[in-house]
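Please review the structure below together with its sequence.

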Amino acid sequence: LSVLVFMMFQYSKLSGVHVAQVHAASHHGSLYNRSFIESFEETPMLVAVLTYMGYGILTIFGYLRDFLRHWKIERCHIAREKEEQKDFVPLYQDFENFYTRNLYMRIRDNWNRPICSVPGAKVDLMERSSRDYNWTFEYTGRVVHDVINLGSYNYLGFAENTGPCADSAAEVTIKYGVGVASTRQEIGNLDRHEEMEKLVAKFLGVESAMAFGMGFATNSMNIPALAGKGCLILSDELNHASLVLGARLSGSTIRVFKHNNMQSLEKLLREAIVHGQPRTHRPWKKILIVVEGIYSMEGSVVRLPEVIALKKRYRAYLYLDEAHSIGALGSRGRGVVDYFGLDPCDVDVMMGTFTKSFGAAGGYIAGKRELIEYLRSHSHSAVYATSMSPPVVEQIITSMKCIMGEDGLKRVRQLAENTVYFRKRLREMGFIIYGNMDSPVVPMMLYMPAKIGAFGREMLKRNIGVVVVGFPATPIIESRARFCISAAHTKDMLDRALSVISEVGDLLQLKYSRHRIQPSLARPFDNNVYEDIDD
């Protein structure tokens, strides 16, 4: 009974933050120049209880199997110390890996699948099998051809081995080689690097930009250069791990606001201004608001017009991560700023990656010239990291020029059409879909742990490659499949995928949606919206 009460309490907390439909409609006086529709349908009560029960049963059996392993009744595959080192401080913490051993291993075959083709709209997968329940895999030698790819971040379809991007990268490889073997500050600064950064600044509509060889390091190594002790970072609760790591490495005080909740953000801003730093109550040296353009697990879009209004009102700084939104949103494919029709100068630090829409690797920071010059000498990622590979740089240059041309605009429009069509069809089928109607990241809720592995396997049997996600990457009650739509997907591909998703959804009973639309909780942003907020 106590377990059931705990489950109900957890469910009530989780469901309380979700509304069936959120609208920020366009009207006179609003900051939005277009409708802003996001959907987060509540988890059905029965599904929530069964999900907790499923994890509870798996946990009980996990402890039982750990007991059998301890007494060597069951073979132990985990990394552990040798018997002669049993009196040493343990290097491998058994309990910390409990979830990996007993839950993740059951469905491990759904991840790390090796492909042997370009990660385009269709991919070829290397078939593998396991004889020890997913602890190890063996390759069968067979290749599964023409699997429709609904998992890669290939939003604009630039992951190609033919066409202008591939040709340009090949020519540059012959001329410059593959690696630079030095940092930008020493002898690794190529003319192509300079051209790329000028092009990025022009594309974004800002004064200057600089590029880095790794998207994750762009966040984790640059935030510590921008904030430090005596600074305050206000971070969205669903921010990416790279942003979280960067904030922690900075040594700044970190406070987290509820996802896309402007009342929560303003409350923290007010408290920061009124109370200042803990104990001393001195004013904060700097207040940095950190948000993403598209949240990769939720499919939601940041409420950027409201964030900018708050940032201006309280004189804070704004750090915008456009890893998933650059190229994928906006009428010109220039990200969430373009999507809302805002001035790029209102964003103090514009960050993005080349790994998704551009089909390349690395990331960038863009903004005012003074900011970029400061980072060139203070960012660890700029000073100590090896320069970007020349063929990667050329891929970025060519794909960005394409996006700025007519062919690129066609890709942007095609992605938008594919996204709206795919999301609409899934909702009509009865699935619970999270996120913004214009987001190419489409999370479809699975909930129960057994259905995570079953969905991935059943889809692959029908030649559809999908990504499934569960705890701890998501809340324990919100396991999901995450589809990534691409401009390279044809309508036939999408229809084929939708037909298979519907078939598997019926097989696994995944059509949970009750289509209950609640009144909007969102209000236009004006001076009267954000009053004093009680806890």
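The points below go from the whole chain to a sheet and then to single residues.

This is a predicted model, in which local features need pLDDT of at least 70, side-chain atom pairs count only at pLDDT 80 or more, and totals for chains, interfaces and linings use all residues. Residues are numbered from 1 along each chain as its sequence is written, and side-chain values use heavy atoms, with hydrogens and water left out. The chain holds 16 helices and 16 strands, taken as DSSP runs numbered from the N terminus (helices: H or I, at least four residues; strands: E, at least two).

**Whole chain**
- Of the 535 residues, 53% are buried, where buried means under 20% relative accessible area, exposed over 50%, and partly exposed in between (1.4 Å probe, protein chains only).
- The accessible surface is about 25,500 Å², and carbon and sulfur atoms account for 56% of that surface; the areas come from the Shrake-Rupley method with a 1.4 Å probe, and for residues only the protein chains shown count as cover.
- Taking contacts (heavy atoms within 4.5 Å) between residues at least 6 apart in sequence, 70% join residues at least 24 apart.

**Sheet 13-16-15**
- Three strands form an open sheet in the order 13-16-15, with antiparallel pairing; two strands pair if DSSP finds at least two bridges between them.
- Strand 13 (441-445) and strand 15 (467-469) are the edge strands, each with a single partner, so one side of each has no neighbour in the sheet.
- From one strand to the next the twist averages 30°, with axes fitted as lines to C-alpha atoms (for helices over the stretch in contact) and angles running from 0 to 180 degrees between N-to-C directions.
- Strand 15 and strand 16 (residues 480-484) run antiparallel and are joined by three bridges; V467 has R482 in strand 16 as its bridge partner.
- Helix 14 (residues 406-429) lies across strand 13 and strand 16, at about 10° to strand 13.
- Helix 15 (residues 449-461) also packs on the sheet, touching strand 13, strand 15 and strand 16, and its direction makes about 180° with that of strand 15.

**Backbone geometry**
- F471 and P472 are joined by a cis peptide bond with omega of about 10°; P472 sits in the loop between strand 15 and strand 16.
- R279 is not a glycine but has a positive phi of about 70°. R279 lies in the loop between helix 8 (262-275) and strand 8 (286-292), and counts as exposed because its relative accessible area is 78%.
- Q509, also not a glycine, has a positive phi of about 60°. Q509 is in the segment after helix 16 (491-508) and is exposed at 62% relative accessibility.

**Loop residues**
- N239 is buried, at 8% relative accessibility, and a polar atom of its side chain lies 2.9 Å from the backbone oxygen of V290.
- A385 is in the loop between helix 12 (380-383) and helix 13 (390-403), and is partly exposed at 27% relative accessibility.

**Cysteines**
- The disulfide count is zero, a disulfide being a pair of cysteine sulfur atoms within 2.5 Å.
- C116 is partly exposed at 39% relative accessible area, whereas C345 is exposed at 51%.

Key. A polar contact is a pair of N or O atoms within 3.5 Å; within protein, one must be able to donate a hydrogen and the other to accept it, and residues adjacent in sequence count only if both atoms are side-chain atoms.
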